[in-house]
Amino acid sequence: MILGKAVSSSLSKRLLIYRSQCLSQWTTARSASTAAALKPSQEVEADVQAEVLGPSHQLTEKDMSRLRFQRNIGVSAHIDSGKTTLTERILYYTGRIRDIHEVRGRDSVGAKMDSMDLEREKGITIQSAATFCDWEATDAEKGTKQKYAINIIDTPGHVDFTIEVERALRVLDGAVLVLCAVAGVQSQTTTVDRQMRRYNVPRISFINKMDRPGANPWRIVSQIRSKLRMPAAAVQVPIGVEDGFKGVVDLVHWRSIYNEGIKGSNVVVSEEIPESILQLAKEKRTELIEQLAEVDEEIGDLLINDEVPSNTQIHQAIRRSTIGLKFSPVFMGSAIKNTGVQPLLDGVCNYLPNPSEAEVLAHDTNQPSTAPQVALAPAADAPLVGLAFKLEEGRFGQLTYMRVYQGTLKKANTIYNARTGKKVKVPRLVRMHSNEMEDIDSIGPGEICAMFGVECSSGDTFTDGSTSYSMTSMFVPEPVISLAIKANGIETPNFSRALNRFQKEDPTFRVHMDKESKETIISGMGELHLEIYVERMRREYNVDCTTGKPRVAFRETITQRSEFNYTHKKQTGGAGQFAKVVGYIEPMERDAETGKDVEFENVVMGASIPTNFIPAVERGFYEALEKGTLSGNTITGCRFVLKEGAFHAVDSSELAFRLATIGAFREAYKAARPVILEPIMTVEVIAPVEFQSSVIGSLNTRRGTIVDSEVRDDEFTAVAEVALNDMFGYSNQLRGSTQGKGEFSMEYKHHMPVLPNLQKELEDAYRKTLPTAKK
C-alpha cells in the first residue's frame, strides 16, 4: 500500500490525547440561533434534544430517491477570485450553455450569470443569480455514472453587496468557497466564512487560478486552517505549476485526472501518478488522513490501531466530516484554463449534503416564543413551508425567489403569508436560469423556484394554511454610509418609484427624508453600493440624479450610568398634563444573539404608574433615541430602566408620559458622559511590493492601524483598521501612489468613539443647524 505504516507512535499518542479530551466540534443542526451555532456539539446536541421537536412527516422511499441526487449550492468568494468564471464552466460542462463567454469578454456577450448591463460593463457581479443543471458524477470505485440535479446561486464578492451572499447562504445546503491561488484568504473571504458559519452551511474549498505565476496552494490550505480556523486538507495535488498546470492527482482514489480536448471537455483518468510529484502526493495523502483522524472517529480508530484506511473509508470520512461542519476538502484548478472543474463537480455531488441531510427548523407561531422549534422534513406530501429569500422587479411584475423546504408548491395554488396572514394565489411558477425562465406546474421540497405576482417582503415564510410555521429570516447588516439625492429638474413619479423598488429588493438600501433639510437621504453598505443604484435609476427609470457629499453613519452612546427623576407638568386651562418618571439609563453591550444594543426595562413595583401608561414610556424612550443631542445622530448602546413614578387621575395621559420620558432621557443623557461613535472599517490593500512604504504611509496619514501584513513574491497585502470618515477619496490616492496597480477592499467592523477634536467639530456643526431657541 502507498502509505504502509506511515503513522508514528507520537501521532497515535496525539490522537489518544485528542480523543480523551473530546475536542469541541460544530453541530450539524441548522439552528436559527447564532449562539447555538457557536456552542460545542455535546452542548448543542443536548439543547437540540430539549428544544427541537422531530419532523411530523417521514420521508418516503420516493422522496429519498429524488433527494439523494439533488444538491443546492452557492459559489462564494472574495472579489475577483473567479466565482462567475467557475460557474460559467460548470454550466458549459453540464450542457446548460452552448458556449463559454468571459466576464470581461471581447465578444460583448459576457458571462451567463452576469445578466445586467452594469455587471458586464464593470466586470463584477452585483446581484446573485440562480440557475440549475444536471451533472453525471462518476463513482470512482465502481466506475459507474449517476445523474445529479444541482441548483446553483452565483453570488457577488464585493462587501457592498453582502446581503446577496447572506440571503443565498440562508437557503442553501452547501457552498463552494473559491480562493485565489496567489492571494489566498482575503478580507471578504473571512466575511463569507462568517456567513457560512451563521447558517451552518458545509463547504468545500476550491483554489482557483492555479495557472497564475506565484500560485502556492499549500500556503492557501494553511491559511484556511489558521485564518478561517477550519480543519482542511487538499484532496488533490496539481500536476504542473503555473503555465504548465494541466491536471490534478486525486489523493482519495489515487489516480491522475487531466483535461484535454476543446475547452477541457474531455476528462482523461489515468491510474499512473507522474514520477515528478509521486513523493509529494504520498506526503499530502498522509496529511489528508492525519487531518481526517482529528475530526472523524472511524479514521482516528484505524490510525490508533496502526491500520491503513481504504479509499472508500477516506471518501466516507470526508463526506461525514464535511456535512458535520468539521472539515473542508480542498480542490484545485483553473476555471479560466478549463482545468479541474469536472472533479470539483464530482466533489460537490460526493461531499456536500442533499436536502434531507441538513436539519431545518421552524417556529410554530401558535406556540409561545419559548416553545421548542419544529424540524421540517423535505417530504412531498407534507404541508407546504417555503421561504421567500429574494425579490426582483421583472418585466412581468414582482419576481419572488423561494426555497421550498417541505411539501409541494403548485401553480394556481393558494398559499398563506405567515407574517401577514394574507392568502394569495400563485399565478405563475418558474425555474430561473440567470435572467431566463422556464415555466413549471409544480416544484417539490428541497428545490429553488420563483413566483410572479406574489406581494411579500424578503424573508417571509409561506405555508398552505394547514400549519402556522414560520422560519427565521436572514441577518441584515446596518448601512454605514449615506448620500443626499435629488432628481435633476422636475421630480417625476419615477424617482420615488425607483427608490421604493430598490428599498424593497435590497434590505441594506434605506431611504428616508431628513426632517430639517427636507432632503431625500439614501443609505447603503458603501460608495459602490449607492453609486450602482444611482446609475440604475438613470438607466432603468430615466431619472438623472445629483448626489451630495457622502455622509458617515455616526452614532452616539453613553459611557456611564445616570439617574433621572423628572416631572412633566403643563397647565393649559382645561385638563393639563402631568407625569413623573424615576429611574436610570446605563451603557449596554450588543447582544450577540439578537444584535440589539438598546433596551427598555420596566421594574416598577406597585401601581405608581398605571400599566396602561408603560407602553407610552417605552415609545418615548425609543423616540428620544432617534436623535442625540451631540450631533443629531441615532443613540445606541443604552438601557433605560424605569423604577417608579407618579400620575394624576385627571391630568395624566399617554402623551404626558411620552413627553416626560423624552425630557427625562435628555436630562440624564447629558450627565451620562455621551460620546460620538464613528464606523471603523477593515481595509485590505494589495499592491506590488515596491510600493509597500507609500501604501502603509498613506494608511497612517488616514489614522489607520495596521493589524496584519504579508509579503509574497512580488506583491504584498496590508490589512488595517481605518475610520470610514477618513477613507473618502482613497481609491484615487491609491491609484496615484501605485501607478494604478494597487487595489483595496473594505468592510464594516464596528463603531468606536471619535477623537475629542472631531467630536467638538461635529457638535459645533450640529449646533449651527439648530434654531436659535434650541441652542
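1. The side chains of E710 and Q223 are joined by a polar contact of 3.3 Å. A polar contact is here a pair of N or O atoms within 3.5 Å; within protein, one must be able to donate a hydrogen and the other to accept it, and residues adjacent in sequence count only if both atoms are side-chain atoms. E710 also makes a polar contact of 3.0 Å with the side chain of R219. The residue belongs to strand 38 (residues 705-711), strands being DSSP runs of E of at least two residues and helices DSSP runs of H or I of at least four, both numbered from the N terminus. Neighbours within four places in sequence aside, the contacts of E710 (heavy atoms within 4.5 Å) include K227, E715, F716 and T717.

2. On the basis of the model: this is a prediction in which local features need pLDDT of at least 70 and side-chain atom pairs count only at pLDDT 80 or more, while totals for chains, interfaces and linings use all residues. Residues are numbered from 1 along each chain as its sequence is written, and side-chain values use heavy atoms, with hydrogens and water left out.

3. On confidence, the average pLDDT of the chain (the predictor's confidence in each residue, from 0 to 100) is 83, and 89% of the residues score at least 70. Over residues 1-50, however, pLDDT stays under 50, although the model has 89 contacts beyond four places in sequence for this stretch. Where pLDDT is low, the predicted coordinates should not be read in detail.

4. An open sheet of 7 strands has the order 4-5-3-6-7-13-8 and mixed pairing; two strands pair if DSSP finds at least two bridges between them. Strand 4 (129-138) and strand 8 (232-234) are at the edges with a single partner strand each, so one side of each has no neighbour in the sheet. On average, neighbouring strands of this sheet are turned by 30° against each other, direction ignored. Axes are lines fitted to C-alpha atoms, for helices over the stretch in contact, and angles run from 0 to 180 degrees between N-to-C directions. Helix 8 (residues 187-198) lies across strand 3 (70-77), strand 6 (174-180) and strand 7 (203-208), at about 165° to strand 6.

5. Strand 4 pairs with strand 5 (residues 145-154) in the antiparallel sense over 10 bridges, and I150 in strand 5 is the bridge partner of C133. C133 is buried, with a relative accessible area of 2%; buried means under 20% relative accessible area, exposed over 50%, and partly exposed in between (1.4 Å probe, protein chains only). The count of disulfides, pairs of cysteine sulfur atoms within 2.5 Å, is 0. C133 is in no disulfide, the nearest cysteine sulfur being that of C349, 8.7 Å away. C545 is likewise buried, at 13%.

6. A further open sheet has 4 strands in the order 9-10-11-12, with antiparallel pairing. Its edge strands, strand 9 (236-239) and strand 12 (266-270), each pair on one side only. Strand 11 (residues 255-260) is joined to strand 12 by 5 bridges, and E260 has N266 as its bridge partner.

7. In strand 14 (residues 359-364), 5 of the 6 residues are buried. Antiparallel pairing links strand 14 to strand 15 (residues 373-376) through 3 bridges, with V360 opposite L376. Strand 14 also pairs antiparallel with strand 26 (residues 469-470) through 2 bridges, where D364 stands opposite Y469.
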